[in-house]
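Notebook open, pencil ready. I want to see how the pieces of this chain sit against each other.

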Amino acid sequence: MSRHFKGGFITELTSQSVLNLGCYVFSIGISLLAWFWFDKTFGTTTLTSGLNAMLILWLIIGLFNLWYPVLGIYVIIIVNRFLVQFEKTKLESRNNSNAHTDDDNDLSFLSSTQSTQHLWVAPLAAIFVGCVAMLCFTYIAGIFMDTVDVLFICYAIDKDNNVDLAESEMGILLKAMPEGIVIAVADPVSQPDIVKEHILIMSDGQENTAHVQV
């Protein structure tokens, strides 16, 4: 590949970064849509209640988990188990104190054992949806990147075997690029005494040949 596509690593790295960023942005959008839907379904206002410390905290947690979706799913599972157990403990405490609701202290205790599921169910579920979306998008992006890699590798192998690729799909694609691409024809490793020929494919489809001593 390095003999036929100069700067190919930079191009692949840039494409991978663009696809990853696109997956991340789309996952954030899906997570926010899911959050809005969960709020509407459960009758909560965790997303639309205005900018507050709790909303900022959930947004930071969501952005981190979406960037690392596998780790994020594990974090969501652990946090969910902890919060469910916490809610069960409060419910048991409230049930055990139902017979003692006459004085003010007992009433304040009951108010402190009220359920807080409306504060975390919707955002946690939305983050989970976003992590799943991120995994799906990155999988699809990986398929695209692997397909492009196969095309370039097959093109490089054909060039090594002196196959005429002027009318191939890859050759037409390279000719359509706005800048010229350097393609090495001779192998400097197996043929060190041969003058290396570079073909510069220009955007107009013409090939300019330059000879450089290896």
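Leaving aside its neighbours within four places in sequence, which residues is serine 27 in contact with? I looked them up: Leu66, Gly130, Ala133, Met134 and Phe137, where contact means heavy atoms within 4.5 Å.

**Ground rules**

I am working with a predicted model, in which local features need pLDDT of at least 70 and side-chain atom pairs count only at pLDDT 80 or more, while totals for chains, interfaces and linings use all residues. Residues are numbered from 1 along each chain as its sequence is written, and side-chain values use heavy atoms, with hydrogens and water left out.

**Entry 1: the whole chain**

I noted six helices and three strands in the protein chain. Helices (H or I, at least four residues) and strands (E, at least two) are DSSP runs, numbered from the N terminus. Along the sequence I read the pattern α-α-α-α-α-α-β-β-β.

Next I looked at burial. Of the 214 residues in the protein chain, 27% are buried. My cut-offs: buried is under 20% relative accessible area, exposed is over 50%, and partly exposed is in between (1.4 Å probe, protein chains only).

I also checked the contacts in the chain with a separation of 6 or more: 56% of them join residues 24 or more positions apart.

**Entry 2: back to serine 27**

I found serine 27 in helix α1. Is serine 27 buried or exposed? It is buried, because its relative accessible area is 0%.

**Entry 3: aromatic pairs**

How many aromatic pairs does the structure hold? I found five. For a pair, the ring centres of Phe, Tyr and Trp (its six-membered ring) must lie within 6.5 Å; planes under 30 degrees apart are stacked, over 60 edge-to-face, and the rest tilted.

One of them joins tyrosine 24 and tryptophan 67, an edge-to-face pair with 4.9 Å centre to centre and 85 degrees between the planes. Tyrosine 24 is in helix α1 (residues 8-42) and tryptophan 67 in helix α2 (residues 53-67), so this pair ties together parts 43 residues apart in sequence. I noted tyrosine 24 as buried, at 14% relative accessibility, and tryptophan 67 as partly exposed, at 41%.

Then I turned to phenylalanine 26 and phenylalanine 137. Their ring centres are 6.1 Å apart and their planes at 55 degrees, so I wrote the pair down as tilted. Phenylalanine 26 lies in helix α1 and phenylalanine 137 in helix α5 (residues 117-160), so the pair links parts 111 residues apart in sequence. Phenylalanine 26 counts as exposed at 58%, whereas phenylalanine 137 is partly exposed at 26%.

I also marked one aromatic cluster, formed by Trp37, Phe38 and Phe42.

**Entry 4: how helices pack**

A reminder to myself: two packed helices are described by the angle between their axes and the distance between the axes. The axes are lines fitted to C-alpha atoms, for helices over the stretch in contact, and angles run from 0 to 180 degrees between N-to-C directions.

I began with helix α3 (residues 69-96) and α5, whose axes come within 9 Å and cross at roughly 160 degrees. That makes α3 roughly antiparallel to α5; the cut-offs are under 35 degrees for roughly parallel, over 145 for roughly antiparallel, 65 to 115 for roughly perpendicular, and oblique for the rest. Their contact includes Val70, Ile73 and Glu87 of α3 and Trp120, Phe128 and Leu135 of α5. By class it has 14 nonpolar, three polar and one charged residues. Here Ala, Val, Leu, Ile, Met, Phe, Trp, Tyr, Cys and Pro count as nonpolar, Asp, Glu, Lys and Arg as charged, and the others, Gly among them, as polar.

Valine 70 is partly exposed, at 48%. I found valine 70 and leucine 135 to be 65 residues apart in sequence and 7.8 Å apart in space, C-alpha to C-alpha.

What about α2 and α5? Their axes come within 9 Å and cross at roughly 20 degrees, which makes α2 roughly parallel to α5. Among the residues that meet are Trp58 and Leu66 in α2, and Pro123 and Met134 in α5. This contact divides into ten nonpolar, three polar and no charged residues.

Last, I looked at α2 and α3, which pack at about 130 degrees with axes 5 Å apart. They are therefore oblique to each other. Phe64 and Trp67 of α2 are among the residues in this contact, as are Pro69 and Ile76 of α3. I noted seven nonpolar, two polar and no charged residues there.
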